[in-house]
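Work through the exercises below with the structure in view. Try each task before reading its solution.

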Amino acid sequence: MLHSSASAEQLCLASPVRREPEPVSVKTINHDVVAAEYAVRGAIAIKSTAYQEQLKEGKDGLPFDKVYQCNIGNPQILGQKPISFFRQVLSLCEYPELMEHPAAADIYPPDAIARAKEYLDNIPGGVGAYSESKGAVILRQHVAKGIAERDGHPCNFEDLWLTDGASPGVHYMMKTLLRNEQDCILCPIPQYPLYSATIKLYGGTLLPYFLEEGRDWQATVAHLQEQVDTARSQGKQVRALVVINPGNPTGQVLDWENQELLIKFCKQEQLVLLADEVYQTNIYAAGREFLSFKKVLMEMGPEYSGHVPLVSMNSISKGYFGECGRRGGYFELVNFPQDVKDQLYKVASISLCPNVSGQICMALIMNPPQPGDPSHELFAKERDGILESLKRRAELVVDTFRSMEGVSCNEVEGSMYAFPRLTVPPAAVKAAANQGKPADFLYCMELLDQTGIVTVPGSGFGQEPGTFHVRTTILPPEADMAQVVQKFSEFHESFMRRYKGENGGS
Amino acid sequence: MCVRCIAKARTAGRAVQALLQGWQAPAGACRTARCFSSLPEPAVDAPARPNELEGKVAHPSLLNEDLLKAQYAVRGELYMKAMELQKAGKELIFTNVGNPQQLGQLPIKFNREVTSLVVAPFLLDHPAVASLYPKDVIERARKLNKMFGGAVGAYTDSRGNAGVRQEVADFIKRRDGYPSNPEHIFLTDGASVAVRLLLNALIRDSNDHILVPIPQYPLYSASIQLYGGTLLGYNLKEQTGWSMDFNEITRSVNEARNRGACVRGMVFINPGNPTGQCLTEDNLRDLVKFAHQEKVVLMADEVYQPNIYQDEKPFVSAKKVLGDLGVPYSNSVELASFHTVSKGVLGECGLRGGYVELTNFHPGTIDELYKAVSINLSPNTVGQVAMSLMVNPPQPGQESYEQWKKEHDEGLASLRRRAHAMTDGFNSLEGVTCTFTEGAMYSFPRLHLPPKAIAAAKAAGKPADTFYCLQLLEETGIVTVPGSGFGQEEGTFHLRTTILPPEEKIQDFVKLFQDFHKKFMAKYA
């Protein structure tokens, strides 16, 4: 633990003893950096990269000829095509002279050219100049318009911070809210490891709340209350509640009633609500729709709408667009005092500005072509094609898991992930324990070694003790998907057979 | 299980107990934990700190202290005032940030042609593509497209695309004559991100000190504060062209160490920001020897390496000097060198591309940094493409070479002329002295202000140079940064302006400045 093993820190505090120089090594760098864990790019991901290298070099001897990256929501690396309209505008913004070329009108639809002009006319210096640290005004205005249309409630562009992906927003908020280890952030378990990693990095404490698998991964207020009371009785301060909706890795979509309960809880316990809403366009289940926390909050009456501090985050990396590499995102602040906003502005200004083409992409996504626009038909076709295909893939993956022995799997209502629960033979648990690993780690590592399918073990997200899960994306192209589920099923059968056999024999 | 965890397990509720059993402990930690504290247990009835003030949870006085203390002058009071004036319709000249394209500098054509194709790969298959783009542009776009697996819309390796890192390593090797390992290069969203990455890892608590030049670029003071460390300033000597005085630096390191401080790193900026000086090889050798002797990590801010406006002191990288000095320096001095696409003649600030090369770093530390960057998934791909194009420009014989060469050489020559025009303009003024801008993008004139001006500033509760810059802004619309934002020798006053106003406007700019200055001096004579 920090203090028992921290002779270096103790030395530091024992001034004024002369300090001799210390070369940089893992032992002498910031403990919070070392302690932060990040499972999505952990040991299994690293090994998969090595396999890819081997395959590229033409080495044989592997039991597979392709690595299937189901560990990270990175759709375009798996062949998902970008939305034409967005890329057309981006390419014109990169190289505005194209608009003057006689052939431009043959290649680019007029609304793409008009949009690029509108942005370039209003962004001094275009994509190559630093913009305002919160993002260019015109782009924030377009995002605000999209939010207002989504919710039916106004959005002030001055409350928006455009960022390099959604992750910087999480970093900013953690840095801002956490003062020391006594400060806790309530995080769902299972959770996306960005939260555990940043809380560690900024020296705070993660206060977990368990999502109930048997109830579609919903959280209960009674349980949240219990966690907060326990923490407070130990002298800790609870600062914020993280909610991921649609869920990652759990894929559930919250309903109005549940969201109201969470908001009420935040009000009662004086918590900032950190709403990770990056999967808001990824909804697959019939009868489910995405409701933003902003909308719900605004419709709960002045007692709530004017009080509960809310941070709503969104990204260009998910949805039907999947522009991960572009690094675009935003967060909206609701019910934050002006001087706190000033502080967040200052933090953003230290990095000068988010990348401008990511900002443009965010604005395009929140303000896409409308019916009647020349690009609308193609845009709608591309968007619907991708979302329908994702829905089919979600169903295929869930059906496959449900057909496996000892596996249960909730519906993928939204987001990009299935999170099946594995009941593995005791011999597998024991074999894993011998390596000092949880059983799902062993399972995922063997899955990779035998099939080339890269997943993330549930232990990387946290799970109820004694349960084991796997997170897989639903992103391999439909043509590959049949193969992936086939290989997965075969692997599972052999895994179960092997460890049951060992069990029987021992 | 540690004592604290046992106690906790006894008192905790069901869910907490479940948690204690369920989480994996990080290696070396209490095996029961992730108990939610690895911290001293509070006294049993310690009252919880208020979580709300004046009805606000996120109340400014309840925020992270380091955040509140951090200051960032480049976008500080002057900038806020400028924004206010701009909203009111005043026309402004922004010379506060090195942001060339905002002032009308055109991007390098080849780079943008390639980028426009890379982000719109469908154009590559369009029949009109050959009429729109030169052949080498199309080829380069195809190559990059392949390097990124056909998908610049996808996350890359968290350190950046392996192909681009290899290109950067090749560029460094060509520049220095010494090998560079692409595994020790991290591509980042601009160099600022790389600087913060290093500072976050080096700084453990407020006792950890980082040597920073004064005047300095406020990224360093702000980030060191943000990560809870302490800045140990070393003065650059204006009289001798902003040179370093190693006797003084050694003395201040010793003093700090005798106080019990831990001195971890040393930042230097070459060419200098805001001071514009270029370091000689002799100077760099002293630096490297100093870092070796005092065991500090050298943080070499070399983002202005292409921006050189004289021939006596060409840019020499710290990495090259390390190699030239040989063992024990070349295999032991820990060096982090930063570079960017935002400066040079590219000036691609908005694309956010940068890198850090780590030399002689512990492999475990490189792994930790890799993990830290992975929390943000990956740097933006357009910035990575811009980096690739910067380190790998068109070559003689290729179709775009002549045009590229012309833009590149003219851009640099124009900056050189502007550096002269700017410093000459300042030096022609009574009460102003200005060291020649040997490199980078800034002039940092010293203002010898009359006592009445200093008294008036004091009465207004502002440093005298802020007072001066605010009046300059209000009367001329010129946005600068006062020297107090960078730090300066006690009792001296400066301001920083970029040399970036377009060449055809630079004489007007100088004139505008001169008129204001004369009026100001007369007013407070």
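**Exercise 1.** Decide how well strand β6 (residues 272-276) of chain A is covered.

Solution. Strands are DSSP runs of E, at least two residues long, and helices are runs of H or I, at least four long, both numbered from the N terminus. Buried means under 20% relative accessible area, exposed over 50%, partly exposed in between (1.4 Å probe, protein chains only). In β6(A), 5 of 5 residues are buried, so the strand is mostly covered. Val272(A), Leu274(A) and Asp276(A) point one way, Leu273(A) and Ala275(A) the other.

The model is predicted: local features need pLDDT of at least 70, side-chain atom pairs 80 or more, while totals for chains, interfaces and linings use all residues. Residues are numbered from 1 along each chain, chains are lettered from A and ligands numbered from 1 as written, and side-chain values use heavy atoms, without hydrogens and water.

**Exercise 2.** Find the strands that pair with β6(A).

Solution. Pairing takes at least two DSSP bridges. Step one: 5 bridges join β6(A) to β5 (residues 237-244) of chain A, in parallel. Here Val242(A) partners Leu274(A). Step two: 4 bridges join β6(A) to β7 (residues 310-315) of chain A, also in parallel. There Leu273(A) partners Leu310(A).

**Exercise 3.** Classify the ring pair of Phe491(A) and Phe495(A).

Solution. Rings of Phe, Tyr and Trp (its six-membered ring) pair with centres within 6.5 Å; planes under 30 degrees apart are stacked, over 60 edge-to-face, the rest tilted. The whole structure has 29 aromatic pairs over all chains. For Phe491(A) and Phe495(A), the centres are 5.7 Å apart and the planes at 45 degrees, so this pair is tilted.
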